[in-house]
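Subject: Structure handover

Hello,

The structure we discussed is below, followed by notes on what was found in it. Please read the notes with the model open.

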Amino acid sequence: MTATAAVDAAGLVKTFGRLRAVDGIDLHVRQGEIFGVLGPNGAGKTTALRMLATLLPIDAGQARVFGVDVTREPHRVRQLIGITGQYASVDEDLTATENLWMFGRLQGLRSADARAAAKRLLAQFDLEEAADKPIAQFSGGMRRRLDLAASLITRPPLIFLDEPTTGLDPRTRGQMWDTIRGLVTEGCTVLLTTQYLDEADQLAGRIAVIDRGRKVAEGTPDELKASVGNSTLQIQLAEGADQELAGQIVRKIAGAEPVLTPESGRMNVPLDTADRAGDVLIGFRQSGVAITSVSVDKPTLDEVFFAITGHGADAEDDADRPGTGTSEAGAGHETVLEVQ
Amino acid sequence: MTTITTAGPASAGPASASTGPLHAVDPVAVVARTRPRTTITETVSQTLIMAWRALKKMRRNMEQFFDVTIQPLLFTAMFAYLFGGAISGNVHSYLPLLIPGIVAQTVLTTCMSTGVNLREDMEKGVFDRFKAMPISRIAPLAGPMVADLVRYLIAAGLTIVTGVIIGYRPGGGVLGVLGAMVLAIFTGWALAWIFTWIGTIARSARAVQGMSMMILFPLTFLSNAFVPVTSLPGWLAAFVKINRSRTWCPPRVAWPIRASSAARPAGRCSRAWS
């Protein structure tokens, strides 16, 4: 794997009117890895992906896919990639088989080969029974699997996955993850975007965190999580006035900086291990700090964001809304500042 | 040509190219195989596949045929009985003037739906996939247009059949009628590219519809398609004289109109029909 990078992008910029949706992003994806681009809605993930996939012109900067320049030779790049996105999908008026056959034919397969490839993919993705059903009758999970199958018909070496599991139930999500891991064992490289920290953690070897069109962090999932601790202690203080004191206790016992929400008296504490939560609570009891609720959770994207950027991420918004890549940028930076 | 690599001798049969176990993807080999652009042959074959897709979609959305079936039937009968007496004295003598006009109008309306359908199609996710595929850029646009030839044929054919049922007897005979249909379909198809272009620049299918109506309505009605030019006020007659060639007639064909008498306003163009 000393070969050229699967993706080599430097200083990518995309502006929509006054909004710099992508504002100078560098990405370096090695061959054969799963690379995750993590960020909230409107961060510019999809826009960056669409630029790399030749769907949007690159305003500034440059990108290469396996050494082929995206701006100068888009037609060659398109022979190297497959894209499955929130929007790139299949034809709803055709059956699954017809879709796959058509995509194969369009990309130069002979009719018999396209039919055979369609059959193989439908079997691989457990869609054989639905092969001749209209897409309208497909469940969300089946639909995603078919979308992915359609990207794989000519077995491109680089697959772009734009939020592959957004809106899927947990079981289907797990299946999708297995499928994505399988792609890499076949020699593919995967670049995926997600707004779920656990998804990036599960799949990606390396992660770039994107916020407001910029890359704010990059590293392995472990490096990223180290910056926020492995778990988070969430405390609701009974008296807002105790905040100052509570903060001191947390700093002393857990050695971590608490994230405060002054209006509601809420406090989030990043912890190395969940065990430390007990120590913090004992410290509170000894100092007479009253609490109304307590919970220990895995760190959320919001906390990663807070740790890295100093502000939270509004990832609540459902990404299932229809539209184009521009709408993600248009949805804009409504980042909620819960804390100063 | 095929991008799928075979593994091994094991799997028997001609389909082994893609049913056998697959080699791992080799990026270097794939990069080496890439070509900088599509060839003409590929463009033609991709356009035909896109036309296949459009025909499948038409068959599964039969309501798309309403405009090319109901409109010719309804408009022909309605206009003939409504205006026949007023304009030409009786229905029968109005038909040679009317039928070519309706053919032009329905073919133009069909053009319009080409643009509207394209816009709707482009809003769907599958179009993004087409754009990210190494295929000719024109194929997703040209494919539906090729498929639309079926719609033009139905529109033009039904109009003439309705006319014949009402009592229209084309003077040009079968060959004349066929020639006229080919001319109308060809002209409609040529004009449809304008609406396809509108389809690609407009923001929504509704906008395409609105823009197209604005172009089509004046051009079809402010002409000698339905009424003799002599019946119009001077300023309108002047416009119609420019537009009179039934909108879609090539200038060379339209030119002899000048030579024909006012009683035969349709001129040579309609002679092909009547």
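Helix H4 (residues 66-88) of chain B and helix H5 (residues 91-122) of chain B have axes that come within 9 Å and cross at roughly 145 degrees. Axes here are lines fitted to C-alpha atoms, for helices over the stretch in contact, with angles from 0 to 180 degrees between N-to-C directions. Helices (H or I, at least four residues) and strands (E, at least two) are DSSP runs numbered from the N terminus. The crossing of H4(B) and H5(B) is right-handed, where right-handed means that the near helix is turned clockwise from the far one by less than a right angle, and left-handed anticlockwise. The contact of H4(B) with H5(B) has 15 nonpolar, 10 polar and 1 charged residues. Ala, Val, Leu, Ile, Met, Phe, Trp, Tyr, Cys and Pro count as nonpolar, Asp, Glu, Lys and Arg as charged, and the others, including Gly, as polar.

This is a predicted model: local features need pLDDT of at least 70 and side-chain atom pairs pLDDT 80 or more, while totals for chains, interfaces and linings use all residues. Residues are numbered from 1 along each chain as its sequence is written, and chains are lettered from A and ligands numbered from 1 in the order in which they are written.

Chain A has 12 helices and 14 strands. An automatic or database assignment divides chain A into domain 1 (7-225) and domain 2 (229-298); their C-alpha centres lie 40 Å apart. Of the 340 residues of chain A, 50% are buried (20 or more other C-beta atoms within 10 Å of a residue's own, with C-beta atoms placed from the backbone).

Between the chains, 44 residues of chain A are in contact (C-beta atoms within 7 Å) with 34 residues of chain B. On the chain A side, H4(A) gives the most, with 5 residues. That side divides into 21 nonpolar, 11 polar and 12 charged residues.

Leaving out residues up to four places away in sequence, Leu52(A) touches Val7(A), Ala9(A), Ala63(A), Val65(A), Val70(A) and Phe160(A).

Regards

Notes
A residue is buried if 20 or more other C-beta atoms lie within 10 Å of its own, exposed if 12 or fewer, and partly exposed in between; C-beta atoms are placed from the backbone. Two residues are in contact if their C-beta atoms, placed from the backbone, lie within 7 Å.
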